[in-house]
Amino acid sequence: MSTRVDATSSPVRRGAVIAALLATVWLLAGCSSGASDSSFAGVEEAYEQAEEADGATGGAADSAEAADDRALIVTGAMYMTVEDPIAAADRAEDIVAGAGGRIDSRSETAPGAYDGGSARLTLRIPAAALDSAVDELRALGTVDEFTTDSADVTTEVRDLDAQISTLRASTARIESLLADAEDIKDIITLEDELDGRQARLESLEARQRGLDDQVSMSTIDLSLTTEPIVIVDDAPRSFWGGLESGWNGLVAFVSGALVITGVLLPWVIAVALIGAVALAAVRTVRSRRARAASSEAEEAPAPAAPAGGTPSQDG
């Protein structure tokens with residue numbers, strides 16, 4: 001990928017600018033304060049004529065510049081399938097930072113019922129390092145689609161540079177005229193003209209900075225996703241399918257029951273042993289209490305007979 005290379009001014013172009021400056025000095029020296037408006041118009045006219053001559057002589061030099069000195073805005077999109085989009089996005093940021101670029105935006109989507117999540121990044125990569133950075137990005141997973149597009153803005157960049165150069169020179173001349181002006185009417189006119197040109201110059205410089213950023217830093221939209229989760233509908237659709245499904249369910253139930261029985265059996269045995277020991281202990285205690293009560297009853301004395309003897313029985 002190539003970037004813009006500024007061309008140097010030709011000797012003819014320099015001569016035209018010098019001629020314009022000499023014309024300005026001559027007009028300033030030869031005009032009185034009462035004819036400021038006409039001198040200002042004469043300066044602008046001389047300046048415009050110098051610029052026309054500069055454009056006519058510089059056209060041949062511009063057309064002879066090499067084709068490699070083009071200004072290209074490169075944009076692209078890469079769609080990839082990866083195992084972990086979030087981890088892959090972190091790795092992509094490291095790759096871009098290593099190439100001297102930056103991340104303009106990043107968005108993430110959490111895993112859902114039908115996919116494992118996704119991540120989307122806007123990468124700004126230096127044009128000179130774009131190819132090597134893309135090769136490293138390919139190693140993150142499977143590249144499903146990759147496209148790039150380039151827009152040639154060489155003419156726009158050169159025109160913008162020429163406008164800025166011209167406007168800067170014109171602004172400097174107006175500032176020089178304003179410094180030498182003495183009539184209040186001339187001062188107001190020159191100040192209004194200077195304000196307008198400075199505002200236009202700032203706007204052109206902002207456009208120039210934007211173009212320079214787009215040319216020097218290529219833009220790649222990176223999309224990272226996982227393989228889609230496929231849900232298979234295995235519901236039975238016939239008698240034999242239902243029979244098979246029922247048999248599989250029964251086997252699964254029995255297998256599950258056996259597993260649960262195997263898990264619970266040691267606990268059941270342990271509980272049963274503990275219960276048997278406890279029951280035996282309870283019975284032993286009760287038996288001892290019964291024997292103790294019986295012994296106490298046998299050892300107790302018999303009740304005494306009542307006084308007067310035993311009553312006699314009739315005839």
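1. Glu93 and Arg106 pair up in a salt bridge at 2.9 Å, N to O (a side-chain nitrogen of Lys or Arg within 4 Å of a carboxyl oxygen of Asp or Glu). Glu93 sits in helix α3 and Arg106 in strand β2 (residues 102-109), so the contact ties together parts 13 residues apart in sequence. Helices (H or I, at least four residues) and strands (E, at least two) are DSSP runs, numbered from the N terminus.

2. Before going on: this is a predicted model, where local features need pLDDT of at least 70 and side-chain atom pairs count only at pLDDT 80 or more, while totals for chains, interfaces and linings use all residues. Residues are numbered from 1 along each chain as its sequence is written, and side-chain values use heavy atoms, with hydrogens and water left out.

3. Glu93 is partly exposed at 28% relative accessible area, and Arg106 is partly exposed at 29% (buried is under 20%, exposed over 50%, partly exposed in between; 1.4 Å probe, protein chains only).

4. Asp213 and Arg102 make another salt bridge, with the closest N and O atoms 3.5 Å apart. Asp213 belongs to helix α6 (residues 184-216) and Arg102 to strand β2, so this pair links parts 111 residues apart in sequence. Shared partners also join Asp90, Glu93, Arg106 and Glu108 into one salt-bridge network.

5. Asp152 bridges to Arg70, closest N and O atoms 3.7 Å apart. The salt-bridge count comes to 11.

6. Over in helix α5 (residues 154-180) there's Arg173, which is buried at 7% relative accessible area.
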